[in-house]
Amino acid sequence: MIGLVSYLVFFATVASILAIAVLGLNLQWGNTGLFNGGVVAFFGAGAYGTLILGGVPQDGQLGGFGLFYPLALLGGMATAGLLAWGVGILTLRLRHDYLAISTFGIAVAFENLMRNAQWLGGGAQGLRGFERPLRAVLGDGFLYNILFLLCVLVLMVLTYRFLETLVASPFGRQLRAIREDETAARSLGKIPARIRLTAFVTGSVILGLAGGLYGTFYAFVSPQDILPTLTFQIWAMLIVGGAGNNKGAVLGAFLIWGAWTASGWALSRFAPIEAQLYTGSIQYILIGLVIVGMLLWRPQGLLPERLVVSQSGRTKT
Amino acid sequence: MIQHLLDGILVGAVLSLGAAGLTMVMHMLRFANFSHAELLSIGAYSALVFDALFKGISPVLAAQIGLLSMTGALALSMVFSMVITGISAVIFDKLIFRRVRERGEELSMVFASFGLALIIRNAIGLIFGLQTKLYSQDIVFATVLSRDPLVLVKPDQMATLGITLAIILLLHLNLSRTTFGYALRAVAENPSLAQVNGINLQRMIVVVWVLGGGLAALAGVFYGLNNQITPVIGRDLVLPIFAATIVGGIGSIYGALLGGFVVGIAANLAVMVLPSGYSPSIPFLIIIAVLLIRPNGLFGEERT
Amino acid sequence: MGVRNMKRCNRMMVSTLGVAMGLALSAGAAAAQDCTTKIGAVLPTSVDWGRPIAETAQFVVDQVNEAGGVAGCNVEMVLRDSQVDPKIGVDAAKALVDLDGVQVLLGAVSSGVSMPILTSVTVPGNVLQMSCCSSSTAFTKLAEEGKTKGLFFRTFATTGVQAAVGAKVAKDQGYKSVAILYKNDDWGQDLQNLIAKDFEALGITVTSATAINDGQPSYRAEVTSALSGNPDALYLGLYPNEGTAAVREWLSLGGTQHMIMANSLKSNEFRDNVGLQYLGKTFGTDTASPRVASADSFVAAYEAKFGGAPNGPGLANSYDATMIALLAMEAAGKDATGDQIAAQVARVTDPAGTPVTADAAGFAAARDVLAGGGNVMYQGATGNVRFDANGDVSAPAVVWKFSEESVEEVEYMSLTDVDDFIASLK
């Protein structure tokens, strides 16, 4: 029983971290209509930024500044935001699918940089030497994992609340306006480019938060963690959960991560011995089927966007 | 440097064929099809199966053609493989893309194509195994075109380039001179108006998929001939092909051709400047650079 | 239960088992146990080189079960695919430890996955982790800092040995300049760093060191740039997949046939796809199997089971990792926890212990020795495995060439020879 609880705590922590990332992407795509194909670059910037700022010095590498953890996390988020600002200025004016490919390319370039620049992030060996906050006091066991999960959940709820408030605010209305009818919005004096950039950077800062927490949880990050497959996973979570709906984003994260891990577990438990070697490929096929099936059945996601009517047309009687 | 340029053109030929098919599909059906590159995989593996079959049936076919490592059996297999791949593309459309098209929007189709790509790739891995396969284990030595500066080309690559150019020319002539070509372009520009004029939309969609699949199969076989055959051909080629399509401009066949060469050349020249560890980023840096100057690609037009 | 009680219980079980096994073996059928002990494995089965590694581990488990299992129980290996994705691998490891209750975990292959598994799952969970193939020097540093709590071992000889022997081959063959093609992952980068230094120490010029990325459509550009330095020889730190592509390109562009390869290219697939006729002047390096009959019997048993020699990256290491883990489990007895099993690893790899072979009979013999309180020296597929304080192995080395059947040995360097040579490079 204890084993099950311990595993579920672990699972929930990773799912919540990924949920924060999906929330960030939801702001970019669901609310603003920006097709961000390079999610993993901002996630990675957050992870590497946090670990470089908060880690113990390693030979031959930049970093090891040993900053106080919350500062390191904020630093990671700022790195992601800065990267997003630069990328946004260059690419946000591009069309839909071109934006996706360009941002994807940025993510590939970022991964290449971290893989080859050994002085920056340890190269392919990854960045270690980071001590999880308060580990010396609390040790490494079940208690620490529970407390860490609670912290992540709090951050996730805070992010959710922040985004819900944002969406209901005038800024949220601006986002919907430029998404639905850019010309009309411009006629009212709104500057779409600036609004988009703000949304893009804010969403990326949230992605950076998720990345920083990810790096902290494993106390290690390597180029293996920032491959395009993570972009695909985060997108799948958003699509399945429901783009444009923050609750959907969180739901999608838990569902897809649950499906991914459960399918691996189920295949290893129930598949016949002869098939054990092939479960890896079979799992990918199942995941592909889930994605395609979901899109055939309910392309708007499980929890579609709730259209907000700010003012009904009816006059008060 | 000349060697790198030449290499780029030769490598780019495969990308051009893949991009030509993709650009037609993207222009006509208006979505970024990430499973297009898996059609190259299907093409390469089908040809492998047929090649083994034909070699077994008639030893005459197993003889190599001239200086190439391509055998008569392989040449024949290419045709069969193009047919099979074209049919597969139509089936995928009927099963998946058509239904998603009716129900959802563009992003759903993009995602569905991701999911489909995963399925195809791993199914091929399950059926054929994950090991590297080759059409022919013989290593054909490169011909020396000039000694100083050292310029080498492999006969296989010259054949690939030649056939690619011929096919692209044929395709372009078809699209720009024949009634059929006009019909295809009309449907891409304005489906409703084209239908008003009596063009069968469904039939045109099938034709586009068959053409796209056939070109992809050819690209896949050439890739397998010049490199090797693994289940991850699609995964490895999807982004360079996208880069080629976008650089050339969606909807332009000549653009796809040029785009393929640009990406190939850039990837080869980049090694002279950047450490080779950064090679995977090069196609994207090209895309970003091109799009900043010409936001619709080199030959693309503003799309509605 | 007290330790003495466990030993007595063990001895009783072992002697009963011994009789049962004798009967079973003579009857030709494997003895069925009525209890099952699980071990976990997190390996990249969806990658071409990962599947054989998992197959080899399962092969060991089958052999041990044939010999009567561990501490009286059948061994079941629960295999999870890591998908070469750290978060998937860590989750799989956590599920294995928490849900299946394994005390021994085999895995993973790439250091990017093994490291987070180690820090997040196995060390906090007091579970023994045995990796066949993780090469990063970060693990050594981690162990030196005391963070592995003696729970981490790897049967992968440190890259330093591979690099040094590669450099020695270049010196012995009289090459004055070498170009390096290396895989752009943690193993390849490490290898390139080390061998470049070794070449320089020997006065050999490195004309270029080019990274080869996974899954590129063409390696023409990289090969062309390696060719341009006109080197006497080519050093390859690649896996069979990209190795085949790169070498075929190299040869067809007229590159020299003088090549030196790391042990990762010791694969029949590579030899067949490149062609034996071009590999006559190519030497490979590897860690050595012992010059004893047991090594041959291991190869024979492997060939009987899989129809091919145990060549290919990580296969011999995977075999040894699994077998040593099971031997340590046997030594620790029933219901032992991970740290107890880890403490027994030294007992089964004791250079002064009774030598046992790498097969079912060897396991049975080891069981008897261990039950009697003695120590065992396991003679594995990669040599007489001996771990240092950090869980690393250094091993004697061998230089090999491809042959019709598989590989033939060209030169053997004992552990002292290797150590002396490495010292001479400093």
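Two strands pair if DSSP finds at least two bridges between them. Keep that rule in mind for the first view of this predicted model.

**View 1. Three strands of chain C make an open sheet.**
E11(C) and strand E12 (residues 376–380) of chain C are joined by three bridges and run in the parallel sense. Along this pairing, Pro355(C) has Met377(C) of E12(C) standing opposite. The order across the sheet is E11-E12-E13, and the pairing is mixed. Strand E11 (354–356) and strand E13 (383–384) of chain C are the edge strands: each has a single partner strand, so one side of each has no neighbour in the sheet.

**View 2. Chain A is built from helices, with zero strands.**
A compact globule of 317 residues would have a radius of gyration near 20 Å, and the 20 Å of chain A agrees with that. Of those 317 residues, 57% count as buried. Take the contacts in chain A between residues at least 6 apart in sequence: 77% of them join residues at least 24 apart.

**View 3. Ala210(A) and the residues it touches.**
Leaving aside residues up to four places away in sequence, Ala210(A) touches Ile17(A), Leu18(A), Ile20(A), Ala21(A), Gly24(A), Phe43(A) and Gly46(A). Two of these names, Ala210(A) and Leu18(A), come back in the next view, among the residues with the most contacts inside the largest nonpolar core.

**View 4. The largest nonpolar core has 347 residues.**
Which residues have the most contacts inside this core? They are Leu18(A), Val22(A), Ala210(A), Ile324(C), Ala325(C) and Leu327(C). H1(B) gives the most to the core, with 16 residues. Domain 1 (3–153 + 314–384) and domain 2 (159–288 + 396–425) of chain C both give residues to the core, so the core lies between them. In soluble globular proteins, nonpolar side chains tend to be buried together.

**View 5. Two domains of chain C and the contact between them.**
Where the domains meet, 10 residues of domain 1 are in contact with 10 residues of domain 2. The side of domain 1 that touches domain 2 has one nonpolar, eight polar and one charged residue.

**View 6. Chain C meets chain A.**
Chain C brings 38 residues to this contact and chain A brings 33 residues. On the side of chain C, helix H2 (50–66), strand E2 (74–81), helix H3 (86–98), helix H4 (111–122) and helix H7 (186–201) each supply at least two residues. H3(C) gives the largest share, eight residues. By type, this side of chain C divides into 15 nonpolar, 12 polar and 11 charged residues.

**View 7. Chain B meets chain C.**
Here 32 residues come from chain B and 28 residues from chain C. Which elements of chain B give two or more residues to the side that touches chain C? They are helix H1 (2–29), helix H9 (233–248) and helix H10 (253–273) of chain B. This side of chain B is made up of 16 nonpolar, 12 polar and four charged residues.

Notes: Residues are numbered from 1 along each chain as its sequence is written. Chains are lettered from A and ligands numbered from 1 in the order in which they are written. This is a predicted model: local features need pLDDT of at least 70, side-chain atom pairs count only at pLDDT 80 or more; totals for chains, interfaces and linings use all residues. Two residues are in contact if their C-beta atoms, placed from the backbone, lie within 7 Å. Helices (H or I, at least four residues) and strands (E, at least two) are DSSP runs, numbered from the N terminus. Ala, Val, Leu, Ile, Met, Phe, Trp, Tyr, Cys and Pro count as nonpolar, Asp, Glu, Lys and Arg as charged, and the others, Gly among them, as polar. The radius of gyration is taken over C-alpha atoms; the globule rule is 2.2 Å times the number of residues to the power 0.38. A residue is buried if 20 or more other C-beta atoms lie within 10 Å of its own, exposed if 12 or fewer, and partly exposed in between; C-beta atoms are placed from the backbone. A nonpolar core is a set of buried Ala, Val, Leu, Ile, Met, Phe, Trp, Tyr and Cys residues joined through C-beta atoms within 7 Å. Domain bounds come from an automatic or database domain assignment.
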